[in-house]
Amino acid sequence: MCPVKISVSADMLDGIGADIAEELRKRGHEVLTHGALNPDESSDWARASEAAASDVAEGRADQGVVCCWTGTGASIAANKVPGVRAALCTDPYTAQGARRWNDANVLALSLRLTSLPLLDEILDAWFAADVTEDEDDLASIDHLAEIGRG
Ligand SMILES: O=C(CO)[C@H](O)[C@H](O)COP(=O)(O)O
């Protein structure tokens, strides 16, 4: 796994909110922070997640990690940003599939459900997975950009 630039957000420091940025840095990634992880910013989940997702969409980061208590608001907000494919993952298999079959570029996490050991497994799976070469999956991934246009 090559280190990449990750934009990470959380709306609170509860649970892995306190650890997520450091866990990514420990893996060698360069980390941009938003929301409760950045003292200069609003910590509300929609704005924090939008900020991290926009970093990905606009090329300031390679991938994003967005967190809120449930993970749902953060994933919904990130998916509103054109070019972002955010996936709410609660286990390593889902994280691997999100990268492999969906070319997900933002990992959404629930601060409530994700323990530190589980985070480790999810990040291992996320960063180890390669995007599929299956033509049908690639066509579906391409189609995502068309949904809602026009
Ligand atoms: O999971 C969330 C949004 O999907 C939030 O983390 C949850 O709503 C708590 O936020 P607040 O402390 O602002 O009420």
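Q: What pattern does the protein chain follow, read along the sequence?
A: This is a predicted model, in which local features need pLDDT of at least 70, side-chain atom pairs count only at pLDDT 80 or more, and totals for chains, interfaces and linings use all residues. Residues are numbered from 1 along each chain as its sequence is written, and side-chain values use heavy atoms, with hydrogens and water left out. Helices (H or I, at least four residues) and strands (E, at least two) are DSSP runs, numbered from the N terminus. The protein chain has six helices and five strands, and its pattern along the sequence is β-α-β-α-β-α-β-α-β-α-α.

Q: What radius of gyration does the protein chain have?
A: The radius of gyration is taken over C-alpha atoms, and the globule rule is 2.2 Å times the number of residues to the power 0.38. The C-alpha atoms fill a box of roughly 40 × 35 × 25 Å along the principal axes. For 150 residues, a compact globule would come near 15 Å; the chain agrees with that, at 14 Å.

Q: What share of the 150 residues in the protein chain do buried residues make up?
A: Buried means under 20% relative accessible area, exposed over 50%, and partly exposed in between (1.4 Å probe, protein chains only). The accessible surface of the chain is about 7600 Å², with 49% of it on carbon and sulfur atoms; such areas come from the Shrake-Rupley method with a 1.4 Å probe, and for residues only the protein chains shown count as cover. Buried residues make up 45%.

Q: Among contacts in the protein chain between residues at least 6 apart in sequence, what share joins residues at least 24 apart?
A: Contact means heavy atoms within 4.5 Å. Of the contacts between residues at least 6 apart, the share joining residues at least 24 apart is 65%.

Q: Which residue has a side-chain N or O atom 2.6 Å from an oxygen atom of the ligand?
A: The ligand is surrounded by Asp11, Met12, Trp45, Cys68, Trp69, Thr70, Thr72 and Gly73, where near means a heavy atom within 4 Å. Polar contacts are N or O pairs within 3.5 Å; within protein, one atom must be able to donate a hydrogen and the other to accept it, and residues adjacent in sequence count only if both atoms are side-chain atoms. The side chain at 2.6 Å is that of Asp11.

Q: How much of the ligand's exposed area does the protein bury?
A: Taken alone, the ligand exposes 380 Å². The protein buries 54% of that.

Q: How many residues of the shell around the ligand are nonpolar?
A: Ala, Val, Leu, Ile, Met, Phe, Trp, Tyr, Cys and Pro count as nonpolar; Asp, Glu, Lys and Arg count as charged; the others, Gly among them, count as polar. The shell has one charged residue and three polar ones. The nonpolar residues number four.

Q: Which side chain does a polar contact of 3.4 Å join to that of Ser7?
A: Ser7 is in strand 1 and is buried, at 0% relative accessible area. Beyond four places in sequence, its contacts include Leu32, His34, Ala52 and Val65. Ser7 and Val65 are 58 residues apart in sequence, yet their C-alpha atoms lie 6.3 Å apart. The side chain in the polar contact is that of His34.

Q: Which elements do the buried residues of helix 3 pack against?
A: The buried residues of helix 3 are Gly73, Ala74, Ser75, Ala77 and Ala78. Ser75 has a relative accessible area of 9%, and its contacts beyond four places in sequence are Val66, Ala86, Leu88 and Ala108. The packing partners of the helix's buried residues are helix 2, strand 3 (63-68), strand 4 (86-88) and strand 5.

Q: Is Arg47 buried or exposed?
A: Arg47 is found in helix 2 (residues 45-57). Its relative accessible area is 54%, so Arg47 is exposed.

Q: What is phi of Asp103 near?
A: Asp103 is in the loop between helix 4 (92-102) and strand 5 (106-110). At 21% relative accessibility, Asp103 is partly exposed. Most residues other than glycine have a negative phi. Phi of Asp103 is positive, near 45°.
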